[in-house]
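Hello,

Here is the structure we talked about passing on. Please open it first and keep it in view while you read the notes below.

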Amino acid sequence: ISSHSTSFLVNKIGSVIGYQKNRLGKTETRKANMSSIFEVGEPQVRSAYELYTKSKQKNHQFLFHFEGTEYAVYFKELHQAFGKDWVLGIVVPTSD
């Protein structure tokens, strides 16, 4: 999505289905191992996911600051489209 973005799929209890982070043109992809987003995710991703779960909104986009960096965050529930209780999350520094 951008040079410093992170995108991921989790199920409703926060277990990772897929996780991809981009760093300066290099992409790292992790396949499903059902680890918790709180174990796998970077600190800003964990914070964004926690804010999302506390919001109780099905689809949510917001800006937040973490350790001096502003991030644009987007969450979308995919159960209607795919019949799964999956949530797509994208976390991008606004400076990208």
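Ser5 sits in the segment before β1; strands here are DSSP runs of E with at least two residues, helices are runs of H or I with at least four, and both are numbered from the N terminus. Ser5 is buried, since its relative accessible area is 2%. Buried means under 20% relative accessible area, exposed means over 50%, and partly exposed is in between, with a 1.4 Å probe and protein chains only. The side chain of Ser5 comes to 3.2 Å from the backbone oxygen of Ser2.

Before the rest, some notes on the source. This is a predicted model, in which local features need pLDDT of at least 70 and side-chain atom pairs count only at pLDDT 80 or more, while totals for chains, interfaces and linings use all residues. Residues are numbered from 1 along each chain as its sequence is written, and side-chain values use heavy atoms, with hydrogens and water left out.

Next, the aromatic rings. Rings of Phe, Tyr and Trp (its six-membered ring) pair if their centres lie within 6.5 Å; planes under 30 degrees apart count as stacked, over 60 as edge-to-face, and the rest as tilted. By this rule there are nine aromatic pairs. One of them is Phe8 with Tyr19, a stacked pair with 6.3 Å from centre to centre and 25° between the planes. This pair links distant parts of the chain, as Phe8 is in strand β1 (residues 6–11) and Tyr19 is in strand β2 (residues 16–23), eleven residues apart. Both Phe8 and Tyr19 are buried.

Phe62 and Phe75 also form a stacked pair, because their ring centres are 6.4 Å apart and their planes are at 20°. Phe62 lies in strand β4 and Phe75 in strand β5 (residues 69–77), so this pair ties together parts that are 13 residues apart in sequence. Phe62 counts as buried at 16% relative accessibility, and Phe75 counts as buried at 0%.

One aromatic cluster is made up of Phe8, Tyr19, Phe38, Tyr49, Tyr52, Phe62, Phe64, Tyr71 and Phe75.

Last, what surrounds Phe64? Phe64 is in strand β4 (residues 59–66), and it is buried, with a relative accessible area of 8%. Apart from neighbours within four places in sequence, Phe64 is in contact (heavy atoms within 4.5 Å) with Gln44, Ser47, Ala48, Leu51, Thr69, Glu70, Tyr71 and Val73. Phe64 and Ala48 are 16 residues apart along the chain, and their C-alpha atoms are separated by 7.8 Å.

Regards

Conventions. A polar contact is a pair of N or O atoms within 3.5 Å; within protein, one must be able to donate a hydrogen and the other to accept it, and residues adjacent in sequence count only if both atoms are side-chain atoms.
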